[in-house]
Amino acid sequence: METIIKIEKLHREFKMGSETVRALKGISFEIHKGEFVSIMGTSGSGKSTLLNILGCLDKPSAGDYFIDGISVSKLSRDELSTIRNRKIGFVFQSYNLLPRTSALENVELPLLYNNTVSSDERRERAINALTQVGLADRMHHTPNQLSGGQQQRVAIARALVNDPVMLLADEATGNLDTRTSYEIMSLFQELNSKGKTIAFVTHEPDIAIFTSRTIMLRDGNIVKDEGIKTLSARAALDKLPVSEDYDITVGIQNEIEN
Amino acid sequence: MKFRNHIKIAWQALLRNKTRALLTMLGIIIGIGSVIAMVSLGQSSTKGISSEISSMGTNAVMVMRASQTEGGVNIGSGNVQTLKATDVEAILAGSSNISMASPVVKASKQIVYGANNWPGAISGVNEAYLEINKYEIASGSNITADDVRNSAKVCVIGKTVVDNLFKNGENPLGTVIRLGRIPVKIIGILESKGQNMMGMDQDDIVILPYTTVQKRMLAINYLHMISASAVSENVSDLAVADIESILRRTHKIMEGNDDDFEVRTQQQILDMLSTVTDMLTILLAAIAAISLLVGGIGIMNIMYVTVTERTREIGLRMAVGAKNKDILTQFLFESTILSIAGGIIGMFFGVGLSFTVSTLLDWAFVLNIPTIAVSFIVCAAIGMFFGWYPARKAANLDPINALRYE
Ligand SMILES: Nc1ncnc2c1ncn2[C@@H]1O[C@H](COP(=O)(O)OP(=O)(O)OP(=O)(O)O)[C@@H](O)[C@H]1O
Ligand SMILES: [Mg+2]
């Protein structure tokens, strides 16, 4: 199977004055096309550090990193920007949407930094991405007019709009309640079933069960890396007690109707 | 990256905070507005002076008493008593370049008519004075050579004096008014001339035979001034030279000693005035330029705060692929758009202000295109200059730290 990500003996050290924090201590793994990987571990185990390197926001202190066949270790800051722009989609815990800016314009953002995309194509692709995440009818809403779950969907649409080889999510469900988390996981599963490769950082085991492989970190080392039996987030969602407190979002409603 | 995308990004960012954008521009608006208004008004007033020159003619020549120094201290011209009526005759007789001349004796006395009174600015002159100074008689008649010879108690008054003494619309002609203790008959009324360039009311004037003022009011035998007119504009310099040599002779001033008088042409006085207004214009424009500078610093200030406040936004932009120079360009564009937009608004504001003021003051409105063009360029430069530091700070942020920023 096609290898999307390959890391070899990856180290990351932070120098804090005289002290050196070794956040990653020489880890190696590969992620293949179509995988849905969860990266787990306790707080401080190095998950975010790893994800930042995978996302080309940070560079390893030592070791090799290939994304889509390109060796990243020797790239300049500008070249890393281009990799992020063309090959990677980020989803953050705190959504990071531009305030007072419509969902559509938020989703268009990555394409503004891509010269090969015309303004018509930009709009079209943003609309498609929003439709994929079930927000076709919320395009002109600003973040403060959207729920947390909807804001995270906009962020996912933004991550999808450049058609990346890899989606990276750092605690993407960390700010959401159980039902909304399941909805987001269901969306990720749906994207994964359509072929998107996803790496998902979480420290919640009941979120990790929706992925197909778990890499467990402890103190900067991989302690476990195994395929798991994937549970359907849809099914889990259906089993949740229906409560009036929960408002099923429009996107999910559409899916049920279909 | 495409220029259009840069503009779009900066524009969207500014629209997200319209109030702040407007407040940031305020400094530039006021700065550019005042620079343009000051320069434009300065030029209007200078232009007003030159049109005054052409309306008055440059024939007028004035002889004033020189100021004196005593032990190195300037004690003014008050003590100089050497200017005499015979000098006027000598000038008229001795120079073919002078067509008319009149003695001038100034006095101020309270004018009383019935229950009304008015502080009168009295000019004791001869029958030629009105023509020399381009006054016209509206009704009645001018003082005559006979009136001068006889120290007649007659006067010609300006419109302001009429308005303040004859409030019920009586006909002033033939009426006797009192100047201090002396009763004087009004024989003529002047056509209104309005204000002169220095804002002095030229209609607030009482014309008497100078002999009357000398003998009956002040008890002096010298003059304060001589007002003369050259034959033509071209010979006014010759006229000045003539007067100087004649007066040095009549005043018996030895070779090498200073004149006890000073001769000025109308042109010189107006030139001097222009120099003063030019200097004033430069001064005001300089002050306005400082306010423009303060406006620029205002932009820098706000942009700096903005960068800190939008750290996460910057981190996000970097995460989705913005290069350092894209971020730099975005913030530079933001500050430049702000300053140029502020400049354009300020331009309208400045032009409007100078138009209003020159209309109110009855000055010619001058629109100086080079000033406006230069201000525009200065604005753009200010935006880039003061935007540079905050923009660089934004561009040098580390994406991870920026994303994590609380
Ligand atoms: N910029 C940095 N400077 C110094 N030390 C750092 C830096 N970033 C991370 N570290 C250290 O590296 C280690 C791993 O941090 P990391 O953020 O990757 O943990 P994590 O697994 O994401 O934890 P959490 O679940 O709390 O997010 C920690 O000990 C942290 O203190
Ligand atoms: Mg983390």
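A:Asn96 sits in the loop between strand 6 (88-91) and helix 3 (103-112) of chain A. Helices (H or I, at least four residues) and strands (E, at least two) are DSSP runs, numbered from the N terminus. A:Asn96 is not a glycine, yet its phi is positive, about 55°. Its relative accessibility is 8%, so A:Asn96 counts as buried. Buried means under 20% relative accessible area, exposed over 50%, and partly exposed in between (1.4 Å probe, protein chains only).

This is a predicted model: local features need pLDDT of at least 70, side-chain atom pairs count only at pLDDT 80 or more, and totals for chains, interfaces and linings use all residues. Residues are numbered from 1 along each chain as its sequence is written, chains are lettered from A and ligands numbered from 1 in the order in which they are written, and side-chain values use heavy atoms, with hydrogens and water left out.

**Positive phi in chain B**

- Most residues other than glycine have a negative phi.
- B:Ala219 is a residue other than glycine with a positive phi, near 50°.
- B:Ala219 lies in the loop between helix 7 (210-218) and strand 11 (225-230) of chain B.
- B:Ala219 counts as exposed because its relative accessibility is 63%.

**Ligand 1 site**

- Residues from chains A and B surround ligand 1, so the site is shared between chains.
- Of the 15 residues around ligand 1, A:Ser43, A:Gly44, A:Lys47, A:Ser48 and A:Thr49 come nearest. A residue is near a molecule or strand if one of its heavy atoms lies within 4 Å of it.
- By class, the shell around ligand 1 holds eight polar, four nonpolar and three charged residues. Ala, Val, Leu, Ile, Met, Phe, Trp, Tyr, Cys and Pro count as nonpolar; Asp, Glu, Lys and Arg count as charged; the others, Gly among them, count as polar.
- In the side chain of A:Ser48, an N or O atom is 2.7 Å from an oxygen atom of ligand 1.
- For A:Gly44, a backbone N or O atom lies 2.9 Å from an oxygen atom of ligand 1.
- For A:Gly46, a backbone N or O atom lies 3.1 Å from an oxygen atom of ligand 1.
- On its own, ligand 1 has 630 Å² of accessible area, and the protein covers 69% of that. Accessible areas come from the Shrake-Rupley method with a 1.4 Å probe; for residues, only the protein chains shown count as cover.
- Strand 1 (3-16), strand 2 (19-32) and helix 1 (47-54) of chain A are the elements that give two or more residues to the shell around ligand 1.
- Helix 1 of chain A gives the most to that shell, with three residues.

**Strand 8 of chain B**

- Strand 8 (residues 176-179) of chain B has B:Ile177 and B:Leu179 on its covered face. B:Val176 and B:Arg178 are on the uncovered face.
- Strand 4 (residues 98-113) of chain B runs antiparallel to strand 8 of chain B, and two bridges join them. Two strands pair if DSSP finds at least two bridges between them.
- B:Arg178 in strand 8 of chain B is the bridge partner of B:Val112.
- Four bridges link strand 8 of chain B to strand 9 (residues 182-190) of chain B, in the antiparallel sense.
- B:Lys185 in strand 9 of chain B stands opposite B:Val176.
- The hairpin of strands 8 and 9 of chain B has two residues between the strands. In this hairpin, B:Gly180 takes a positive phi near 65°.

**Buried residues in chain B helices**

- B:Glu313 is part of helix 10 (residues 311-319) of chain B. B:Glu313 counts as buried, at 8% relative accessibility.
- The side chains of B:Glu313 and B:Arg310 make a polar contact (2.9 Å). A polar contact is a pair of N or O atoms within 3.5 Å; within protein, one must be able to donate a hydrogen and the other to accept it, and residues adjacent in sequence count only if both atoms are side-chain atoms.
- Leaving aside neighbours within four places in sequence, B:Glu313 is in contact with A:Leu98, B:Arg16 and B:Gln330. Contact means heavy atoms within 4.5 Å.
- B:Thr306 belongs to helix 9 (residues 266-309) of chain B. B:Thr306 counts as buried, at 4% relative accessibility.
- Leaving aside neighbours within four places in sequence, B:Thr306 is in contact with B:Arg20 and B:Phe331.
- B:Val162 lies in helix 6 (residues 159-165) of chain B. B:Val162 is buried, with a relative accessible area of 14%.
- Not counting residues up to four places away in sequence, B:Val162 touches B:Ile157, B:Pro172 and B:Ile189.
- B:Val162 and B:Asp203 are 41 residues apart along the chain, and 9.3 Å separates their C-alpha atoms.
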